[in-house]
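Hi,

Here is the structure I promised to pass on. Have a look at it first, and then read my notes below.

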Amino acid sequence: MNLSHRAGPALVAALTVVLGAAAVVVAATELLRRQAALARRRIGKALGEEALDADRVWCTRYGGPPLDLLVLGDSVAAGLGAERRKDTLGARIARGLAKRLQRPVRLRVTAVVGAESSMLAAQLDSLERGYRPHAAVVVVGGNDVTHRVPVAESVGHLVAAVDRLHGLGCAVVVGTCPDLGALRPVPQPLRALGARASRQLAAAQVVAVRGAGAYPVSLADVVGPFFVDHPQEAFSLDRFHPSALGYRRTAKALVPWVLHALGEDDDVPPGPGTEVP
């Protein structure tokens, strides 16, 4: 039997399959690249790159020494999209805490628009020596997904920040990566890939943060459905960042966990995405 005559056609067939698969990969990569560019054009920078400054003592009418609250992370943590500083995420959380505790809350926001988890260290470095917050809220992860930062690397930076915050003696609550599948300006199938990647990162954040002794809250689970079902109300002008109502819903999900972390309330809301270390 002459094997060379049979090997020739088999080799050609194998090469055809390989080349066909490579062509599909190239075509898919080009499609995703074009969709990413389209999403960037749709979203644009209608809100600019600076969130409103909400640093102040909130609810001074209650009197007494204020509780110090620190908020770190990305544009959501910074409150980009809110038209009034009282509607930023930090201010919403501060006001919610003040109402429950009947005491003022001094807010400090070091969150930066566009920040990835690797930038949390610089946000902590910006704090003056001797600053000791009672509680810290971290919301980060979306930019790690869009910039394709490996999950392990992203989570490593987050845990390092949690450890430093604990070193300052404060309670820590982490709002995990939001569900990027809620972003209507992002076309399919890129949106579906973003949804999967954001949920994978959020799941890893929950495990890591809980292991570090902090309190993770899965924003994709507790407020994600509202953003999916009510995009006109939940998102701001750019259809990417939360509106005032979106921030109110997000803060409402986080406040009980900050109170719990502070030891002020054992009654935290049950349900998916809420974890007690």
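Before the sheet, one term: two strands count as paired if DSSP finds at least two bridges between them. Keep in mind, too, that this is a predicted model.

**The sheet**

With that in hand, you'll find 6 strands forming an open sheet, in the order β1-β3-β2-β4-β5-β6, with mixed pairing. The edges are taken by β1 (56-58) and β6 (215-217); each has a single partner strand, so one side of each has no neighbour in the sheet. On average, neighbouring strands are turned by 25° against each other, ignoring direction.

Look at β4 (residues 135-139) and β5 (residues 171-175): they run parallel and are joined by 5 bridges. Across that pair, Val-137 stands opposite Val-173 in β5.

**Helices on the sheet**

Helix α3 (residues 89-101) packs on the sheet and touches β1, β2 (67-73), β3 (105-109) and β4. The direction of α3 makes about 155° with that of β2. Helix α6 (residues 151-167) lies across β2, β4 and β5, and runs at about 155° to β5.

Is Leu-158 buried or exposed? Its relative accessibility is 0%, so Leu-158 counts as buried. Leaving aside neighbours within four places in sequence, Leu-158 is in contact with Ser-117, Leu-120, Val-138, Val-140, Val-174, Gln-205 and Val-209. Ser-117 is 41 residues from Leu-158 along the chain, yet their C-alpha atoms are separated by 5.8 Å.

**α3 against α11**

How do these two helices meet? The axes of α3 and α11 come within 8 Å and cross at roughly 45°. That angle makes α3 oblique to α11, and the crossing is right-handed. On the α3 side the residues involved include Leu-89, Ile-93 and Leu-97, while those from α11 include Tyr-247, Ala-251, Leu-254 and Val-255.

**The cores**

The largest nonpolar core has 44 residues, and Leu-69, Ile-93 and Leu-97 have the most contacts inside it. Helix α11 (residues 244-261) supplies the largest share of this core, 9 residues. Apart from this core lies another, of 19 residues, including Leu-70, Val-140, Val-162 and Leu-165.

Not counting residues up to four places away in sequence, Ile-93 touches Leu-69, Val-137, Ala-251, Leu-254 and Val-255.

Cheers

Definitions and conventions: Residues are numbered from 1 along each chain as its sequence is written. This is a predicted model: local features need pLDDT of at least 70, side-chain atom pairs count only at pLDDT 80 or more; totals for chains, interfaces and linings use all residues. Side-chain values use heavy atoms; hydrogens and water are left out. A nonpolar core is a set of buried Ala, Val, Leu, Ile, Met, Phe, Trp, Tyr and Cys residues joined through side-chain atoms within 4.5 Å. Buried means under 20% relative accessible area, exposed over 50%, partly exposed in between (1.4 Å probe, protein chains only). Helices (H or I, at least four residues) and strands (E, at least two) are DSSP runs, numbered from the N terminus. Contact means heavy atoms within 4.5 Å. Axes are lines fitted to C-alpha atoms, for helices over the stretch in contact, and angles run from 0 to 180 degrees between N-to-C directions. Angles under 35 degrees count as roughly parallel, over 145 as roughly antiparallel, 65 to 115 as roughly perpendicular and the rest as oblique. A crossing is left-handed if the near helix is turned anticlockwise from the far one by less than a right angle, and right-handed if clockwise.
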